[in-house]
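Visitor: I would like to learn how to read features off a model such as this one. Please take them in turn, with the general idea before the case.

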Amino acid sequence: MELDEKIYLYLLFILPIVGVFFLLNLYWKRKKQREFGDLDLVKKLSPESSVFKPVLKLVVMLLALVGIIFGLVNPKIGTKMEKVKREGIDIVFAMDVSKSMLAEDVAPSRLEKSKQIVSQLINELGSDRIGIVAYAGSAFPVLPITTDYGVAKMFLQSMNTDIVSSQGTSLVEAIKLSSTYFDDKSKTSKLLILISDGEDHSEGAEEAAAEANKQGMKIITIGVGTEKGSTIPLKVNGIVQSFKRDKNNEVVITKMNPESLKAIAKATKGGYVNGNNTKEVLYFVKNALNNIQKTEFESTQMADFQSQFQWFLGFAFVLLFLDVFFLERKTKWVRKLNLFNEKE
């Protein structure tokens, strides 16, 4: 079962409040009756007055409120499974999470800028399947191929420079791991969008890209950072404590290297775009996607949840209708039941 609007469950707190008001009203009535005179005499003067009927009306009203609240919540029950076919391509986002991505030559930082770019690109997608890879000195699978963009964004925002223990930047490892995300037997178009500052500390990136091209992969590279470069701030609780230094205790200046990224893109007949301007990236990638052939995915089983609010609202309205006929005076069947010892 799935609840559509869980926030309305807070309205259930109204029920005990109504119960308290009922008890306070009952106490007030008894108090006034005592002030009027002897309780036994009051009962004799109003023989048709019932203790049970007000309680019954309260229970009916509370049940009706419960029905209305659950109608607003709109519970959904999976009643059937249906096959859904999608048409698109498989896309893997490979994100550089090395320490150099903490540089702030691009606001707010290279890493945060990369997250913004990927998030905006996901917003532009339709029925494409996506996956996410993080890499530094080695590569790490963050999210397998999926059509759930909401989950993808959640994983994307949680990415940081501590997700991969091996430092450095290995574009080779990023390409190799990303290629495992794609099904070799599938005819679906394969696209790798690689985001980095291009500071590759390994060799063989072009060869890895050429090998990926043989498998039908196309690579688009996005460079984030400036060629002028910047220091790498080391922060604690958002406050800069120091800057990253090398073995000689010199402050490290990290610079974007677009040439390595261009070479990788060229090896797969893809393309390179500077990521400092998000609008340019979106325009570039959107045009690239329009030129890639889309394929119909295999049928996927998806639960079809059906709304059940009408049953709860119907139940509530029936009770409210019956409540109109529940008078507070005794009826014959109530006298026979003698609830609350109302007979002397």
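Visitor: Where is the place of Thr161?

Guide: Some conventions come first. This is a predicted model, in which local features need pLDDT of at least 70 and side-chain atom pairs count only at pLDDT 80 or more, while totals for chains, interfaces and linings use all residues. Residues are numbered from 1 along each chain as its sequence is written, and side-chain values use heavy atoms, with hydrogens and water left out. Helices (H or I, at least four residues) and strands (E, at least two) are DSSP runs, numbered from the N terminus. Thr161 is in the loop between helix H5 (149-157) and helix H6 (171-179).

Visitor: Is Thr161 buried or exposed?

Guide: Buried means under 20% relative accessible area, exposed over 50%, and partly exposed in between (1.4 Å probe, protein chains only). Thr161 has a relative accessible area of 6%, so it is buried.

Visitor: With what is Thr161 in contact, leaving aside its neighbours within four places in sequence?

Guide: Contact means heavy atoms within 4.5 Å. With those neighbours left aside, Thr161 touches Val97, Ser98, Lys99, Leu102, Leu111 and Gln167.

Visitor: How many helices and strands does the chain have?

Guide: There are 11 helices and 15 strands. Of the 344 residues in the chain, 38% are buried. Taking contacts between residues at least 6 apart in sequence, 81% join residues at least 24 apart.

Visitor: What order do the strands of the open sheet have?

Guide: Two strands pair if DSSP finds at least two bridges between them. Here an open sheet of six strands has the order S6-S5-S4-S7-S8-S13, and its pairing is mixed. Strand S6 (139-146) and strand S13 (271-274) stand at the edges with a single partner strand each, so one side of each has no neighbour in the sheet. Angles run from 0 to 180 degrees between N-to-C directions, with axes as lines fitted to C-alpha atoms, for helices over the stretch in contact. The twist from one strand to the next averages 15°.

Visitor: Which helix packs on the sheet?

Guide: Helix H8 (residues 258-267) does, touching strand S7 (190-196), strand S8 (217-223) and S13. The direction of H8 makes about 165° with that of S8. Ala267 lies in H8 and counts as partly exposed at 24% relative accessibility. Leaving aside neighbours within four places in sequence, Ala267 is in contact with Glu206, Ala209, Ala210 and Asn213.

Visitor: In what sense do strand S4 and strand S5 pair?

Guide: S4 (residues 90-96) and S5 (residues 129-135) are parallel, over seven bridges, and Ile91 stands opposite Ile130 in S5. S5 and S6, by contrast, run antiparallel and are joined by five bridges. In that pair Ala134 faces Phe140 in S6, and the two strands form a hairpin with three residues between them.

Visitor: Which residue takes a positive phi in the hairpin of S10 and S11?

Guide: Strand S10 (residues 233-236) and strand S11 (residues 239-243) run antiparallel, joined by four bridges, with Leu234 opposite Ser242 in S11. Two residues lie between the strands, and Asn237 has a positive phi near 55°.

Asn74 also has a positive phi, about 60°, although it is not a glycine. Asn74 is in the loop between helix H3 (52-73) and strand S2 (75-84) and is buried, with a relative accessible area of 10%. For Asn249, phi is near 65°; this residue is in the loop between S11 and strand S12 (253-254) and counts as exposed at 51% relative accessibility.

Visitor: Which residues does a cis peptide bond join?

Guide: The cis bond joins Ala107 and Pro108, with omega about -5°. Pro108 is in the loop between S4 and helix H4 (110-124).
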